[in-house]
Amino acid sequence: MTELHFLGVPFNSDGTPPEVEHPPRHLRYAGLLDRLSSSRSIRDCGDLPIPAADGKRDSSNGVLNWPSWQAVTGGVAKSIHEILETGGWPLVVGGDCSILVGIMAGAVQVEGRCGLFFVDGHGDFHTPASSPTGEPADMELAVLTGRAPSPSGAAAGALLNDEDVVVFGIREYDGIDAAPIRVLDSARLTEGDLVTAVQDAAALISDLPVWLHFDVDVIDASLMPVIFPAGAGLTLDQTATLLGTLLKTGRVIGMDVSCFHPNLDHTGAATAALIDLLTKVLAK
Ligand SMILES: [Mn+2]
């Protein structure tokens, strides 16, 4: 059974430092690793150091906090490379979605061509020109497919082909509808049988090792408080079915959990729900 390697990357690309909010540490204290270890082997790889953000949009490319994003991307890529190379299965807890660029850079170094199951409430497909803030977490999927400046110095250009990406659960497109990328938005995902819809979409990239990106804002904001809620989201059961069906394809090489905000979870209900969800879908 593949060992889970838990890695914390508490980077928020808006510049909020880990001292203010630290999702991996919060989930450790709340018992996530203990719960996961009841059904499978897990190793805690600790948390990556997060450099201070400068709070500025880069003068040449318009991306906010560009030097810190570059540094985090390099560190994440190195860690993912090491975990995959030793046969581990990375479970990365962010931070926000901007960490996905370093993850895919590391995965592509080890696996070659990779696919991506992108589960999110938003397309995250802005460019520095269209993003109001220039925040990296607005644009990581545009970066990965070669449409926005990449902080991954070692891999200029696209890390992923459009046809190797499938997007699930979005309510806000952020311009991704103009690209030839397969999207099953929240409405289409839930209009018929969820399992069949997910299996059919996942089969489109059936020959590749695939990363699973999970932005918790795919869940309805009444169940999972987030900074940028986007219309009616999925229930917890629907989210478990979606993630579980993707994981059951047997092709997922690792997963990230992004944009969870412990500071917004005033009752602890969202923390408990997220731990239950991850324990359920990752059980072997
Ligand atoms: Mn996102």
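Q: Leaving aside its neighbours within four places in sequence, which residues is Phe117 in contact with?

A: Good place to start! Bear in mind that this is a predicted model. Beyond its neighbours within four places in sequence, Phe117 is in contact with Val166, Phe168, Ala202, Val210, Leu212, His213 and Leu246.

Q: Which residues have the most contacts inside the largest nonpolar core?

A: The general idea comes first: in soluble globular proteins, nonpolar side chains tend to be buried together. Here the largest nonpolar core has 86 residues, and Met104, Phe117, Val167 and Val216 have the most contacts inside it. Helix 3 (residues 66-85) gives the most to this core, with 8 residues.

Q: How do I read the two faces of strand 1: are they covered or open?

A: In a regular strand the side chains alternate between the two faces of the sheet. Take strand 1, residues 4-9, where 6 of 6 residues are buried. Leu4, Phe6 and Gly8 lie on one side, with His5, Leu7 and Val9 on the other, and both faces are covered.

Q: Which residue is the bridge partner of Gly8 in strand 2?

A: That partner is Asp47. Strand 2 (residues 42-47) pairs with strand 1 in the parallel sense over 4 bridges. Strand 3 (residues 89-94) also runs parallel to strand 1, joined to it by 6 bridges, and there Leu91 stands opposite Phe6.

Q: Why is Asn161 counted as partly exposed?

A: Asn161 is partly exposed because 17 other C-beta atoms lie within 10 Å, whereas a buried residue needs 20 or more and an exposed one has 12 or fewer. You will find Asn161 in the loop between helix 5 (140-144) and strand 5 (165-168).

How values were computed. Residues numbered from 1 in each chain as written. Predicted model: local features only at pLDDT ≥ 70, side-chain atom pairs only at ≥ 80, totals over all residues. Pairing = 2+ DSSP bridges. Core = buried A, V, L, I, M, F, W, Y, C linked by C-beta atoms within 7 Å. Contact = placed C-beta atoms within 7 Å.
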